[in-house]
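Dear colleague,

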Amino acid sequence: QVQLVESGGGLAQAGGSLRLSCAASGRTFSRNAMGWFRQAPGKEREFVAAISWSGSSTYYADSVKGRFTIGRDNAKNTLYLQMNSLKPEDTAVYYCAADSSALIWRGGAYSSHRSYDYWGQGTQVTVSS
């Protein structure tokens, strides 16, 4: 059974930092692009960041560019999201996702949830002002 399990969420103050992790099990995603999305209460799920299978290419939403960094450790089958300079508007449930297609990088297409086939259950991030 393939699973993506997010962790690292919690409460942070504005200007603070959090690091999210997404551990994959059931199969390796070392050859697959992965991404992060978030969903705030009453809003649609929105793209945050994506990374190629090798980690050499990344893509960010404008709202997080310069503050968030996506990374991965293929040896550990784990995806990360380092979040700095947090703002109250970053409050949301954060989800990791993976593309089932191997060795492909679709660039900006990864801003669409349709580019992903596997999803985690999410981790709550709350930023207080």
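**Salt bridges in the predicted model**

E46 has a relative accessible area of 35%, and because this lies between the 20% and 50% cut-offs, the residue counts as partly exposed. Please bear in mind that the model is a predicted one.

The partner of E46 is R38, and in the salt bridge between these two residues the closest N and O atoms are 2.6 Å apart. R38 itself, at 5% relative accessibility, counts as buried, because buried means under 20% relative accessible area.

R38 also forms a salt bridge with D90, where the closest N and O atoms are 2.9 Å apart. This second pair links distant parts of the chain, since R38 sits in strand β4 (residues 32-39), whereas D90 is found in the loop between β8 (78-83) and β9 (92-102), 52 residues apart. Here both R38 and D90 are buried. Taken together with R67, the residues R38, E46 and D90 are linked in a network of salt bridges.

Another pair to look at is R106 and D99, which form a salt bridge with the closest N and O atoms 2.5 Å apart. R106 is partly exposed, its relative accessible area being 35%, while D99, at 1% relative accessibility, counts as buried.

For the model as a whole, the count comes to 5 salt bridges, among them the pairs R38 with E46, R38 with D90 and R106 with D99.

Terms used:
Residues numbered from 1 in each chain as written. Predicted model: local features only at pLDDT ≥ 70, side-chain atom pairs only at ≥ 80, totals over all residues. Heavy atoms only, no water. Salt bridge = Lys/Arg side-chain N within 4 Å of Asp/Glu carboxyl O. Buried < 20%, exposed > 50% of the residue type's maximum accessible area, 1.4 Å probe, protein only. Helix = DSSP H or I, 4+ residues; strand = E, 2+ residues; numbered from the N terminus.
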